[in-house]
Every structure is written in C-alpha cells, then in structure tokens.
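Dear colleague,

Please find below the structure that I am handing over to you. My notes on it follow directly after.

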Amino acid sequence: MKILITAGPTREPIDPVRFLSNRSSGRMGYALAHAFVKQQHQVLLISGPTSLDVPHHVDYLPVESAQDMHDAVAHALPRVDIAIFCAAVADYTPVEVATQKIKKSDEFITITLKKTIDILGSARSVHGFTGYLVGFAAETEDLETNARTKLLAKKCDMIIANDVSQSSIGFDSHENEVLIVEAEENTKLPRDSKEHLAHHLAAIILKRFDRKRGGVS
Ligand code: C5P
C-alpha cells in the first residue's frame, strides 16, 4: 500500500529570520510512518521541521510553511491509497513577509495574519482524493462531538482525536491516548507510548482500508 503521512509543525515566515510555529514534536506522525514501513508498506512522510530521525525506508519530503505542505500533498495525493494528516498546520500565516529583518523600533508592532489553506479539508473537495482519509483532532473539550463534526466537514473516513488539555499526553509528549471516531463507531485506545499506539492505529487503518475496498475486515 502507498501511504502519505503529514507530520510536525509548520513554520510561517515573518521575515528572513523569524517565523510563527507551534509545539508539535512530530512524534506521532513519525511513529506511524515507522509502523507502516515495518509492515512493508511504502510511506511518503511530508514533514515540517522536527528534531526527529527519519525512520529507515521512509520517503521523506521536508517542508516549511502550510502552503509548502499543501503543494507537496496535492502533488502526492493522486498516487497514494491512504492519506493520514498528522501535522499541526498553523491556522494563520502573516499576510506579508518582510524581505529584510524587521528592525526593533516602535513599542508595539502589528502583524496581520490570514487563514492558511486547510490541507486535509481540501483533500477530497479540491483534489478529489478517493482513497482512505484520516485526520487528527486535538481538542480541549467535547472530544467526540468536535471530532465527529470534523469527520463530516473534512469528509474523512476516520478522525483520531486526543485531549490536549492534559499536558502529559498529545502535543510535545511521548504518550498519547486517543479516541478513534468513524461514521458508525468510536474506539478508545488507552494511554500508551506513541510508538505502541502507532502500531495499533496502523493495524486498524489497514483493516478499515480493506473493508472500504470491499475486502474482508
Ligand atoms: O481543523 P483542525 O485544525 O482542528 O483539524 C485538524 C486536522 O486537520 C489535522 O489532521 C491536521 O493535520 C489537518 N489540518 C490541515 N491543514 C490545516 C489545518 C489542519 O491539514 N490548515
């Protein structure tokens, strides 16, 4: 199977030396990439900057901004069976990028931001992706309801949701605890290392992909 995974944060440039970003470590996406290659699947990992080693046998495409990530994803989507969007894409990006380093002068400065392109949201509706589509949802409340709304809005087959109000799991931590939300069922995977969870998630995603294709689940 050919699998595309987005991972890590994006960096939205302000000037040649500064950017807006977030605390995503990329660990969940890299662990998933590792889990799939271990089972002999072909993985393309499109990742924002992280400090992680790229798992062996993974095709790796580094990107910086949300726009870069979008363009790389749009190019790869027609060639993959499963697409998993794990990246913590910045929601906003500066309208203008200064060509020179912004000098320290006024007490306050204003940077106007605009919404970034929704990469996952455009996979089906803009790029016509027909494969198995998985999104992530980091929520601080109403986990299931918010994940279900996202499942429908972004036309996903599965949303993997985690509660980021608990600092010991999810963002920038080694462990996670997720609720898998699909059209007709929810599955809770208890707290575990991101590596163990990735193996469970990979097995479930492959099973669901087979079922969608009309195979046996
Ligand atoms: O809407 P929200 O950001 O909560 O959705 C999270 C999901 O959407 C994640 O799978 C994330 O990778 C993806 N996403 C994206 N492009 C964006 C924002 C989120 O692909 N601009």
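Two strands are said to pair if DSSP finds at least two bridges between them. Helices (H or I, at least four residues) and strands (E, at least two) are DSSP runs, numbered from the N terminus. This is a predicted model, in which local features need pLDDT of at least 70 and side-chain atom pairs count only at pLDDT 80 or more, while totals for chains, interfaces and linings use all residues. Residues are numbered from 1 along each chain as its sequence is written, and side-chain values use heavy atoms, with hydrogens and water left out.

I begin with the strands. β9 (residues 132-139) pairs with β6 (residues 82-85) in the parallel sense over four bridges, and glycine 135 in β9 is the bridge partner of phenylalanine 85. β9 also pairs with β10 (residues 158-163), again in the parallel sense, over six bridges. Here phenylalanine 136 stands opposite isoleucine 160 in β10. Between β9 and β10 the chain passes through helix α4 (residues 143-153), and this β-α-β crossover is right-handed (with the strands pointing away from the viewer, the path from the first strand over the helix to the second runs clockwise). Seven of the eight residues of β9 are buried, meaning under 20% relative accessible area, where exposed means over 50% and partly exposed lies in between (1.4 Å probe, protein chains only).

β10 pairs with β11 (residues 175-182) in the antiparallel sense over five bridges; methionine 158 has glutamate 182 in β11 as its bridge partner. Because seven of its eight residues are buried, β11 is largely enclosed by the rest of the structure. β11 and β12 (residues 186-193) run antiparallel and are joined by six bridges, with leucine 179 opposite lysine 188 in β12. A hairpin of three residues connects β11 to β12.

Helix α1 (residues 27-38) has twelve residues and reaches 16 Å from its first C-alpha to its last, close to the 16 Å expected at 1.5 Å a residue (the expected span is 1.5 Å times one less than the number of residues). Ten of the twelve residues of α1 are buried, so the helix is largely enclosed by the rest of the structure. Among the buried residues are Tyr30, Leu32, Phe36 and Val37. Glutamine 40, which follows α1, has a positive phi, near 70°.

Lastly, isoleucine 109 lies in the loop between β7 (92-94) and β8 (113-115). Isoleucine 109 counts as exposed because its relative accessibility is 55%.

With kind regards
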